[in-house]
Amino acid sequence: ENATALVLVPDNDKVGVGTGFFIAPNLMVTNRHVVENKQRVLLASSALKTVRRATVVHATSNADIGSPDFALLRLEDGTAPGLLDTTREISKLAGVVAAGFPTVVVRSDERFQRLVSGDLSAAPDLSLTQGAVQSLQSGAGGMPLIVHTAAIAKGNSGGPLVDACGRLVGVNTFISVDQTQSARIQYAIRTQAMDAFLQGAGAQ
C-alpha cells in the first residue's frame, strides 16, 4: 500500500494511467510504455497524501512486448512512504499478489474522479488481486518472464507482482488474450531484468 502509486501521464486533453513502485526513498520503477517519451509525470496515492511530480531519469530503448520495458522516475519533492524489497526466488505454483490501478476498477472510484477534477489530495484505492505462478518463461533475447494468474488489466502496467512475504518478484507488463479459447494470460518481467536495468541506470 505504501510503496505503490498511481502514475498519471498528462497528454494534451487526456491523462494516461499506469502504476509504479518505490525502490528507494526518491526512486520509482514503472514500465517505459507507461511514460512513453514524457519527461515528467505525476504520482498519486493515499500514502503520498497529495499529488507529487516525478522526472523520468532513465528508460529502456523500447517497449516491445517480451523485451525490457522499464523506466526510472525520480521524486522531485518529499520521500517515498514505503519501499519494496526484492527477491529472485520464485517457483511455479507460488502464491503472488498483483498491485496496481487498473482503469476498469479505478474509473468507478469517486476519489479518482475527484483527482482528475483537480483535488490533489484525492487518490483511488489500490487494487490487489491474488494468483499463483503458472510458468517461468523466457521472452525476446532470453528476457525472464513470469506467467501468473493474478488478474491484471490496462493501468496495472508497471505495478509490482509480490510473493507471500511482500517481496517484489516481477513487474507486471503485458497480457495476452486468445479469443478463440477464451484465454487471458498475465505476464510480469522478473526482478533480475529490472536489476540489470537499474545497474545500467546507475541506481541502487
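The side chains of R40 and E76 come together in a salt bridge, with 3.2 Å from N to O; the term covers a side-chain nitrogen of Lys or Arg within 4 Å of a carboxyl oxygen of Asp or Glu. R40 belongs to strand β4 and E76 to the loop between β6 and β7 (95-100), so this contact ties together parts that are 36 residues apart in sequence. Strands here are DSSP runs of E with at least two residues, helices are runs of H or I with at least four, and both are numbered from the N terminus. R40 counts as exposed because its relative accessibility is 55%, while E76, at 33%, counts as partly exposed. The cut-offs behind these words are under 20% relative accessible area for buried, over 50% for exposed, and partly exposed in between, with a 1.4 Å probe and protein chains only.

A word on the source: this is a predicted model, in which local features need pLDDT of at least 70 and side-chain atom pairs count only at pLDDT 80 or more, whereas totals for chains, interfaces and linings use all residues. Residues are numbered from 1 along each chain as its sequence is written, and side-chain values use heavy atoms, with hydrogens and water left out.

Eight salt bridges turn up in the structure. One of them joins the side chains of D11 and K38 at 3.5 Å, N to O. D11 sits in strand β1 (residues 4-11) and K38 in the loop between α1 (32-35) and β4 (40-44), which puts the two 27 residues apart. D11 is partly exposed at 31% relative accessibility, and K38 is partly exposed too, with 29%. Elsewhere, D119 and R114 meet through their side chains at 3.1 Å, N to O, and E110, R114 and D119 are linked in a network of salt bridges. D119 has a relative accessible area of 25%, so D119 counts as partly exposed; R114, at 33%, is partly exposed as well.

Now for the sheets. Six strands close into a barrel in the order β1-β2-β3-β6-β5-β4, with antiparallel pairing. The twist averages 40° from one strand to the next. Two strands are taken as paired if DSSP finds at least two bridges between them. Strands β3 (residues 27-30) and β6 (residues 71-75) are joined in the antiparallel sense by four bridges, and V29 has L72 of β6 as its bridge partner.

Another barrel is closed by six strands in the order β7-β8-β9-β12-β11-β10, also with antiparallel pairing. Direction ignored, neighbouring strands of this sheet are turned by 45° against each other on average. Strand β9 (residues 144-148) pairs with β12 in the antiparallel sense over four bridges, and H148 stands opposite Q186 in β12. Helix α4 (residues 191-201) lies across β9, β11 and β12, running at about 45° to β12. Contact here means heavy atoms within 4.5 Å; axes are lines fitted to C-alpha atoms, for helices over the stretch in contact, and angles run from 0 to 180 degrees between N-to-C directions.

Searching the whole structure gives two aromatic pairs. In one of them, the ring centres of F174 and Y187 are 4.5 Å apart and the planes are at 10°, so the pair is stacked. This pair links F174 in strand β11 (residues 168-178) with Y187 in strand β12 (residues 183-190), 13 residues apart. Rings of Phe, Tyr and Trp (its six-membered ring) pair if their centres lie within 6.5 Å; planes under 30 degrees apart count as stacked, over 60 as edge-to-face and the rest as tilted. F174 is buried at 13% relative accessibility, and Y187 is buried at 14%.
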